[in-house]
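Hello,

Here is the structure I promised to pass on to you. Have a look at it first, and then read on for my notes.

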Amino acid sequence: MELVRFGIIGLGNIGNSHVNRFLEGKIPGAKLVAVCDNNPAALERYADIRGWTDSAALIRSGEVDAVLIATPHNLHVPIGIDALENGLHVLCEKPLAVHKADCQRLLAAHTNPELVFGIMFDTRTEPRYQKVREMILGGELGRIRRINWILTNWFRSNAYYASSSWRATWAGEGGGILVNQLPHDLDLFQWIFGLPRRVRAFCPLGKYHPIEVEDEVNALLEFEDGTTAVLVGSTGEAPGTDRREIVGDLGRLVIHTDHLHWTRNLVPTDEHCRTTKEGFVSPETEEIVIPIEGQAGRHTEVICRFVEAIREGKPLVARAEEGLASAELANAILLSSEEDRTVDLPLDAEAFSACLERLCATSRFSPGDASPVATPAPNMNASFN
Ligand SMILES: NC(=O)c1ccc[n+]([C@@H]2O[C@H](COP(=O)([O-])OP(=O)(O)OC[C@H]3O[C@@H](n4cnc5c(N)ncnc54)[C@H](O)[C@@H]3O)[C@@H](O)[C@H]2O)c1
């Protein structure tokens, strides 16, 4: 294939930033030939690129080889299925879908192995998380005992929530922080540790903002082997915290922006616990600072690797199938909170769909509502913490 002919569907906050990556020449091997938004005003910014207001027409136009879907989450599934069934490569923004059953429907449409189907998990390109994953999978921390995954630095204002009518509504978005801000963190969590076997959570709805969905998450997770985790997120707290801490028998690893800090036990905790004659003394430790070098390629790298996967068969940053686990974890957390009970994984997709349906029945958003585009395109840099 010569150049991959790209279309971007959805020209809001993130869609516009993706368009700019192409216009700035950051995506070799591809050409942006189409933009699509059901709001015609959104197309006016790009007079030199063919604009479409109907994704179905774009998908059937024969003018594109691949589409990047950057619409509200609920549209990832119908537009993704339409594109795959019409022979296009698809790169889908996170989350893959709002709930597990929808993820499964979308993934089931990927029947042609020649079509590349990826998901925008750009945080996986951060060298610090790649290093942590390598260390955990390589057993460097010994048996993992407990994990803190505290992400309360996702602050959003009321103005943010008012910027699009679908946002932070059950019927329009399908949830709050769990489906919008936390999917990256849930993905990193499951990418490194896998999925727990059960979840108990408390997710207050509209605690900080006049919204109908959850803006805070407090979840306890338990894995098959007894490892436990605390997962906390908030869009209302300031100053927020990003504290990711992993405790294994060989010490504690804390993830910082430019380094990892490993307080390494000279004797594994379990062995020390069994053998020491002292009642109050922890194992001796040494402090190890692991510098993190290199820059994250973020969204640009995900798109470039998608193009390379199409042209040269190289691996993606994240395959679409990998989007199922974070959606499942998000669903389990919300279901636990809403039904005030412990939820087992694998999640009963039907139970969650029924719960979401009940919540949607209370929603102030009606699917016919327009989704206005913020003009000019907002600066999203503060979002990528
Ligand atoms: N990977 C990341 O870092 C990241 C960052 C932000 C958003 N996102 C994801 O991107 C998606 C969009 O988020 P956003 O903040 O840009 O939303 P947004 O509301 O700013 O933009 C959505 C756009 O889609 C358009 N749209 C709605 N229905 C459409 C349709 N039927 N056909 C074509 N266009 C349609 C809207 O008019 C709007 O311009 C979400 O799924 C979100 O989770 C990912």
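Which residues have the most contacts inside the largest nonpolar core? In this predicted model, they are Ile8, Val67 and Ile333, and the core holds 97 residues. Helix H11 (residues 323–339) gives the largest share of this core, nine residues. Domain 1 (4–123 + 297–319 + 373–380) and domain 2 (126–295 + 326–360) both contribute residues, so the core lies between them. A second, separate core has six residues, including Tyr161 and Trp170.

Leaving aside its neighbours within four places in sequence, isoleucine 333 is in contact with Leu178, Val199, Ala201, Cys203, Val217 and Ala219.

Next, the ligand. It is surrounded by 26 residues, and the closest are Gly10, Gly12, Asn13, Glu93 and Ser164. By type, the shell has 10 nonpolar, 12 polar and four charged residues. Helix H1 (residues 13–23) supplies the largest share of the shell, three residues.

Helix H1 is also worth a look for its packing. Its buried residues are Ile14, Gly15, Asn16, His18, Val19 and Phe22. They pack against strands E1 (4–9), E2 (30–36) and E4 (66–69), and against helix H10 (298–312). After H1 comes glycine 25, with a positive phi near 75°.

Finally, asparagine 39 sits in the loop between E2 and helix H2 (40–43). Asparagine 39 counts as partly exposed because 15 other C-beta atoms lie within 10 Å, where a buried residue would need 20 or more and an exposed one 12 or fewer.

Best wishes

Note on methods:
Residues are numbered from 1 along each chain as its sequence is written. This is a predicted model: local features need pLDDT of at least 70, side-chain atom pairs count only at pLDDT 80 or more; totals for chains, interfaces and linings use all residues. A residue is near a molecule or strand if its C-beta atom, placed from the backbone, lies within 6 Å of it. Helices (H or I, at least four residues) and strands (E, at least two) are DSSP runs, numbered from the N terminus. Ala, Val, Leu, Ile, Met, Phe, Trp, Tyr, Cys and Pro count as nonpolar, Asp, Glu, Lys and Arg as charged, and the others, Gly among them, as polar. Two residues are in contact if their C-beta atoms, placed from the backbone, lie within 7 Å. A nonpolar core is a set of buried Ala, Val, Leu, Ile, Met, Phe, Trp, Tyr and Cys residues joined through C-beta atoms within 7 Å. Domain bounds come from an automatic or database domain assignment.
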